[in-house]
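Please look over the structure below with its side chains displayed. The briefing takes up charge pairs, aromatic rings, surface patches and backbone angles in turn.

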Amino acid sequence: MSVVVTGLGVAAPTGLGVDAYWANTLAGAGALDRISRFDPSGYPARLAGEIRDFVAEDHLPGRLLPQTDRMTRLALVAADWAFADARLVPSALADYDIGVITASHSGGFEFGQNELRALWSKGGQYVSAYQSFAWFYAVNSGQISIRNGLRGPSSVVVSDQAGGLDAVAQARRQIRNGTSVVLAGAVDASICPWGWVAQLTSGRLSEHDDPRRAYLPFDDDAAGHVPGEGGALLVLEDREHATARGAHVYGEVAGHASTMDPAPGRDRAPTLQKAIHRALADAGAVAEEIGVVFADAAAVPELDRAEAEAITKVFGPRGVPVTAPKTGTGRLYSGAAPLDLAAALLSLRDGVIPPTVNTRPSERYELDLVTGAPRRADLRAALVIARGHGGFNSAVVVRAPEPT
């Protein structure tokens, strides 16, 4: 059974909605800047990729605002956009025939911070009852399900940056098991003091203050990533269901694999290369079919080295174009890979590879990194890679739709 993507909902620092995001991505626009949502002057890392033009009140009913974190508001709106793009009305489907599967890296951090502040400064009677779920990892799936009446298979995946791809893969499994439509992907947003302190514990945040030199994967000056907020939600459908209703198809989710790296100190190699091989095998594809790789792009030298080695061992030295448009948005945690999936599908549609901004490719990595400007290419398939803190690896192969 073939599973295809028929709708995209994008909320990114470089654009709200597919058209704005894609135009800015191809233009090499960057949204990294000094944090505006709180005063970052006392923190070692002070840059982020913020969504600065989102006003929840313009998109959502007032009753939802007191019970939702910023990430959930973004996710609800991205879901609306994805369904609109797919020209799909969820209520028109049979009960239990449409579900939602999202990923989450941190849950509703900002909502939780505000309620903890109320607890400490005022007392328990001032803590919102909505705290019981607004912070929770599964809240985006729950709120999207309630708002749209999605009674089919619904769940949440937690595997850090890899989670967004794993959520899409789980949606693919559910469709193969008989569900007609699943909304899948992730939106994250934890740019608040509590969330910031939690992210700093990873030791992977860039402490540079120049947005143009702060997030530099595969660069000799790489020194950590810049976090961001946002992500993408995708409407996945059984191909026959999509064809029957005359849906536009962006592409097919053709293959997926996930692996776990060994624990630190173990005498075993990382397993990203294995994830790539298995995703290709799941897609029934060979390396030569892949026209572009959307990299995880950690911007930590040892992690960049491991990813570059995995790519070159599969495709050969400079054997495939590689890009990381997330250098313009920041790493969106679980939202990053679904956004890369959206970009990969748009690349297949338009025959163009978006650039990796700011990076000056190091000669240490034998990668054909696309920088400077978009590159025209005849693309039939793309590979998206994601890795999560703690050893998670995930890879997805997407194919262009068959000509009609």
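What follows is a short account of the model, grouped by topic.

This is a predicted model, in which local features need pLDDT of at least 70 and side-chain atom pairs count only at pLDDT 80 or more, while totals for chains, interfaces and linings use all residues. Residues are numbered from 1 along each chain as its sequence is written, and side-chain values use heavy atoms, with hydrogens and water left out. Buried is used for under 20% relative accessible area, exposed for over 50% and partly exposed for values in between, with a 1.4 Å probe and protein chains only. Helices (H or I, at least four residues) and strands (E, at least two) are DSSP runs numbered from the N terminus.

**Salt bridges**

- Side chains of opposite charge can pair when their charged atoms come close.
- With a salt bridge defined as a side-chain nitrogen of Lys or Arg within 4 Å of a carboxyl oxygen of Asp or Glu, the count comes to 22 salt bridges.
- Asp-340 is joined to Lys-326 by a salt bridge in which the closest N and O atoms are 2.7 Å apart. This pair links distant parts of the chain, with Asp-340 in helix H11 (residues 336-350) and Lys-326 in the loop between strand S11 (321-323) and H11, 14 residues apart; both Asp-340 and Lys-326 are buried.
- Arg-245 and Glu-237 meet through their side chains in a salt bridge of 2.5 Å, N to O. Arg-245 is partly exposed because its relative accessibility is 27%, whereas Glu-237 is buried, with a relative accessible area of 0%.
- Between Arg-212 and Asp-210 there is a salt bridge whose closest N and O atoms lie 3.3 Å apart. Arg-212 counts as exposed because its relative accessible area is 58%, while Asp-210, at 29%, is partly exposed.
- A network of salt bridges links Asp-296, Glu-307, Arg-331 and Arg-387.

**Aromatic pairs**

- A pair of aromatic rings is described by the distance of the centres and the angle of the planes.
- Rings of Phe, Tyr and Trp (its six-membered ring) pair if their centres lie within 6.5 Å, and planes under 30 degrees apart count as stacked, over 60 as edge-to-face and the rest as tilted. The structure holds 7 aromatic pairs.
- One of these is the edge-to-face pair of Phe-38 and Trp-196, at 6.3 Å centre to centre and with 65° between the planes. The pair links distant parts of the chain, since Phe-38 lies in the loop between strand S3 (32-34) and strand S4 (47-49) and Trp-196 lies in helix H7 (residues 193-200), 158 residues apart.
- Phe-38 is buried, with a relative accessible area of 11%, and Trp-196 is buried at 0% relative accessibility.
- The rings of Tyr-130 and Phe-133 have centres 5.8 Å apart and planes at 70°, so this pair is edge-to-face. Tyr-130 is partly exposed at 32% relative accessibility, and Phe-133 is partly exposed at 31%.
- A single aromatic cluster is formed by Phe-38, Tyr-43 and Trp-196.

**Surface patches**

- Patches are made of residues with over 30% relative accessible area and no salt bridge, like charges being joined within 9 Å and nonpolar side chains (Val, Leu, Ile, Met, Phe, Trp, Tyr) within 5 Å. Accessible areas come from the Shrake-Rupley method with a 1.4 Å probe, and for residues only the protein chains shown count as cover.
- Lys and Arg count as positive and Asp and Glu as negative, while His and the chain ends are not counted; the place of a charge is NZ of Lys, CZ of Arg, CG of Asp or CD of Glu.
- Arg-266, Arg-268, Lys-274 and Arg-278 make up a positive surface patch. Arg-278 belongs to helix H9 (residues 272-283) and is partly exposed, with 47% relative accessibility.
- Trp-135, Phe-136, Tyr-137 and Val-158 make a nonpolar surface patch of about 350 Å². Phe-136 sits in the loop between helix H4 (131-134) and helix H5 (139-148) and is partly exposed, with a relative accessible area of 40%.

**Backbone angles**

- Most residues other than glycine have a negative phi.
- Tyr-96 has a positive phi, near 70°, and lies in the loop between helix H2 (70-86) and strand S5 (98-103).
- Asp-160 has a positive phi, near 55°, in the loop between strand S6 (154-157) and helix H6 (163-176), and is buried, with a relative accessible area of 14%.
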